[in-house]
Amino acid sequence: MISAICFWGRYFFYAAGVSVTEKRMLVIRDSLQSFYVDEGCFPVAEKGLGILVEKKYLKEKELLDFWGRKFQYLVSDNLPFVLISFGKDGKPGGKGFEKDITSIEVFEKERACKVNKFFKERNKMTETLPGVVETCDLLFQRIYEKNGCIQEFKWKNNLLTIVVEHCYPDEIVFDRACAVSSKTGRAEFKADLKVADNFDSIFGEKDGALNAMNYQMILRNSLSFCGALIQAESIWQNKSEIRFFTSPQNLGRCLQCCYNCTSSSLWHESAVSIQKCGSGFIVEMDFEQGIKSEFSILYLLSSYSSIFSLDDTIPLNLETVKRQNYAGNFERQYVGRMEKGNGTLNNFFRYPEGSIPGESYDQK
């Protein structure tokens, strides 16, 4: 009994020491990053952490671990710096209660906590929302069936915005919770939908994912080869952004190219915007390291690229616009899903007697 009490007493004292030491490592890490911003480099090993006190980034006592010993500051080729506390015994190595504490483990632990917190908050917010790929797949199929075309597509931060021509809102988004607005005198409407982004796996460079610089280079070269005109690009840590212009004929090819780059590099798209501009489309995309559990929105967009159009329709009255193959004019027996490989959709309709398939009908 006494030995058990002694063991748990030692354990809790050691755990408290580790917690305090880890927090001080994070404080030193933040100060080193501030030093890097101001000076353009991290302190050299010869000067060590003492320069943070000289430059008044930290106080002398903040460079000590829980047991009152100074942190070891090392510079390596693979990492900007490494902080080490020799733990309770003050000697390198050791196991159990004498184990060393390194900044590598502390920073990874902090990252894991942030990731878990992010997913918990995201799940609370999106647990009742439909997935973005699921929603887009349904809407794209309906637009394809109704011979409509997409003028604008935006997806970012759980908000999906789509502008559609040659279709009625009650044909496309009749079962979706969304905000719809129509342009007066045009067969066009805009829909805003709340969607969930089912992103569940994180892979970093140590798991085989390319770093941001290499990924951006591969993406840029691949898009240029597909005929896209790169207008802007940027990278930041494990994120990448790019904007390019492409012709309608090359849109599907460029989207497929982006999908191939993400899947082969263990990256994923986090935002997509496609807007018509002059004789082509402006495409903006944000990427992050990691992969998704569900189907890629880029692959879906490339499969349905034919429904993106530059056609500026003549102003029409929404009440009298003609609808080709309007669903109210025939009974639908079966509508197949789009075959993603060849971009075709198999429709099987039973037309009214005396009607000609493909003929335009007035909406009733």
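**Reading strands and their pairing**

Me: In β2, which residue is the bridge partner of Y73?

Reply: Y73 has L83 as its bridge partner in β2. Residues are numbered from 1 along each chain as its sequence is written. The model is predicted, and local features need pLDDT of at least 70.

Me: How do I decide what counts as a strand, and when two strands pair?

Reply: Strands are DSSP runs of E with at least two residues, numbered from the N terminus. Two of them pair if DSSP finds at least two bridges between them. Here, β1 and β2 (residues 82–85) run antiparallel and are joined by three bridges.

Me: What strand order does the open sheet of three strands have?

Reply: The order is β1-β2-β3, and the pairing is antiparallel. β1 (72–74) and β3 (101–102) are at the edges with a single partner strand each, so one side of each has no neighbour in the sheet.

Me: How many bridges link β10 and β11?

Reply: Ten bridges link β10 (residues 267–277) to β11 in the antiparallel sense, and S273 has E284 as its partner in β11. The hairpin of these strands has two residues between them, and G278 takes a positive phi near 65 degrees there. β11 also pairs antiparallel with β9 (residues 239–246) over eight bridges, where F244 stands opposite V283.

Me: How many of the ten residues of β11 are buried?

Reply: Eight of the ten residues in β11 (280–289) are buried, so the strand is mostly covered. Buried means under 20% relative accessible area, with a 1.4 Å probe and protein chains only.

Notes:
Predicted model: local features only at pLDDT ≥ 70, side-chain atom pairs only at ≥ 80, totals over all residues. Heavy atoms only, no water. Helix = DSSP H or I, 4+ residues; strand = E, 2+ residues; numbered from the N terminus. Buried < 20%, exposed > 50% of the residue type's maximum accessible area, 1.4 Å probe, protein only.
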